[in-house]
Amino acid sequence: MPSALFLCPANSRSETLAGNACSIYKPLSAFHTMNIHEYQARELFGKFGVATQPGRVASTAEEAEKITTELGTKQVIVKAQIHAGGRGKGTFTNGFKGGVHLAGSPAEARGFAEKMLGQTLVTHQTGPDGKLVGKVFVGEAVDISKELYFAILQDRATSGYTIIASTEGGVNIEEVAEHTPEKITREHIHPTLGFQSYQGRKLAVALGLRGPLMNQAVKLFTNLFKLFLSADCSMVEINPLVITKDGRLMALDAKFNFDDNALFRHPEIVAMRDKSEEDPREVAASEFNLNYIGLDGNIACLVNGAGLAMATMDIIQHYGGKPANFLDVGGGASKEQVTAAFKIILSDAAVKGILVNIFGGIMDCDVIANGIVAAAKEVSIKIPLVVRLEGNNVAAGKKTLATSGLALLGADTLDDAAQKIVAAVKGV
């Protein structure tokens, strides 16, 4: 890890695959994005005519058995539904191996569902705590001939969109990009002209799709791009996009990210949000319109403005500390929001110190000062607290803090503030 910390407030995979540089301390996929379950992605596919396998979601083993009977196929696939990849290679805390299984009968599907539902699945993406499985997807088992990769991403470098496609589906696309980049095709989509049919044919050729498969591909790609735009997505990733042995092209697994700033236009998508899959601190922050991302350090940050927040984390890292969070209270936060921010920070047992760094442009420094005092009175702050205020009404803010009786350290510059909180946390 370098001495300075750089955070990219966008989906790290999107940025990397689109060709933009982004050094990250932790992938901030939750920042300005909302994720949905695989079965919900399939529901969106159905609304936009994107070909996928028949199937439904089950919340009980009995439902899984019933769905299998109604599908009437020789085999079904039973897949645990959590917001994480690597499910097939994961392990449940009850010892059951794998979150993806083929079942040859309704009874077998029921048995798999019984072993998954209500259990915690640990994968390489969930961390050691794993994720609780509340639903399973039961779908027609597909006889696959070839697996492909297809994704649509926001491309900030061109202010448009980029499609990433590869013949190497079903694997970690970052590894393909690193070791065999020639197997990845990028197609840039004009922001106003949108996706064109000739681009669909070009991508189909790159994926080795000819004849009827090319026609299916152009239709699937076109409908998927319509879905991407209509739902205000920041990323749609299909991995794998499969060719079946009977000559069908379909999206077999999907990952969606949505732009949080556009969700007010999509109440039907907001209804898909599964808060149990999210960090409780991030859920609490969203209820107060705070931008919060938990990290694994021990120095909490409370800052106004995303750029200033990232600079604050950088300088904490520079002076030997480790930031515990990204927390932007925004340019016009109220006293209630600041109080809520402190409660969220203090709910993290790993936090051993707090650095408040406020530049008052729109923000009134005295509002922040009153918020700090209110939070301290409501929640006992027993860890080091360093406050740096500058800008609008700073004199009043500093006076409020000075007369509050709080045990805090003041700082005039960001360097001074960072050095003080790092030293305080280390007990120097």
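**Overview: the whole chain.** The radius of gyration is taken over C-alpha atoms, and the globule rule is 2.2 Å times the number of residues to the power 0.38. For 428 residues, a compact globule would come out near 22 Å; the chain has 25 Å, which agrees. This is a predicted model: local features need pLDDT of at least 70, side-chain atom pairs count only at pLDDT 80 or more, and totals for chains, interfaces and linings use all residues. Residues are numbered from 1 along each chain as its sequence is written, and side-chain values use heavy atoms, with hydrogens and water left out.

The C-alpha trace spans about 75 × 50 × 40 Å along its principal axes. The chain holds 14 helices and 20 strands. Both are DSSP runs, numbered from the N terminus: helices are H or I with at least four residues, strands are E with at least two. Of the 428 residues, 49% count as buried. Buried means under 20% relative accessible area, exposed means over 50%, and partly exposed lies in between (1.4 Å probe, protein chains only). The accessible surface of the chain is about 18,700 Å², and 52% of this surface belongs to carbon and sulfur atoms. Such areas come from the Shrake-Rupley method with a 1.4 Å probe; for residues, only the protein chains shown count as cover. Among contacts with a separation of 6 or more, 68% join residues 24 or more positions apart. Contact means heavy atoms within 4.5 Å.

**Close-up: an open sheet of three strands.** The strand order is S4-S6-S7, with antiparallel pairing. S4 (91–92) and S7 (131–132) are the edge strands; each has a single partner strand, so one side of each is left without a neighbour in the sheet. Two strands pair if DSSP finds at least two bridges between them. Two bridges join S6 (residues 120–122) to S7. Find Thr120: its bridge partner in S7 is Leu132.

**Close-up: strand S5 and its two faces.** Strand S5 covers residues 100–103. His101 and Ala103 form its covered face, while Val100 and Leu102 form the uncovered one. Strand S3 (residues 76–80) runs antiparallel to S5, joined by four bridges. Ile77 has Leu102 of S5 as its bridge partner.

**Close-up: the largest nonpolar core.** A nonpolar core is a set of buried Ala, Val, Leu, Ile, Met, Phe, Trp, Tyr and Cys residues joined through side-chain atoms within 4.5 Å. The largest one has 42 residues; Phe150, Phe256 and Phe258 touch the most other members. Elements giving two or more residues to this core include helix H2 (38–47), strand S9 (144–155), helix H7 (212–230) and strand S14 (254–259). H7 gives the largest share, 10 residues. Beyond neighbours within four places in sequence, Phe256 is in contact with residues including Met34, Ile36, Leu44, Phe45, Leu227 and Met235. A second, separate core has 30 residues, among them Ala341, Ile344, Ile368 and Val394.

**Close-up: two backbone features around strand S12.** Most residues other than glycine have a negative phi, and most peptide bonds are trans. Asp232 is not a glycine, yet has a positive phi of about 55 degrees. Asp232 sits in the loop between H7 and S12. Pro240 is found in strand S12. The peptide bond from Asn239 to Pro240 is cis, with omega near 10 degrees.

**Close-up: Cys301 in strand S16.** Strand S16 spans residues 299–303 and holds Cys301. Cys301 is buried, with a relative accessible area of 1%. Not counting residues up to four places away in sequence, Cys301 touches residues including Met313, Ile316, Pro323, Leu327 and Leu355. Val351 lies 50 residues from Cys301 along the chain; their C-alpha atoms are separated by 9.9 Å.

Close-up: Strand S18 (residues 353–360) runs parallel to S19, with seven bridges joining them. Asn357 stands opposite Arg388 in S19. Asn393 is found in the loop between S19 and H13. Asn393 is partly exposed, with a relative accessible area of 35%. Its phi is positive, near 60 degrees, in a residue other than glycine.

**Close-up: Thr400 in helix H13.** Helix H13 spans residues 394–402 and includes Thr400. Thr400 is buried, with a relative accessible area of 19%. Its side chain makes a polar contact with the side chain of Asp366 (2.5 Å). A polar contact is a pair of N or O atoms within 3.5 Å; within protein, one must be able to donate a hydrogen and the other to accept it, and residues adjacent in sequence count only if both atoms are side-chain atoms. Leaving aside neighbours within four places in sequence, Thr400 is in contact with Asp366, Ala369, Asn370 and Val373.
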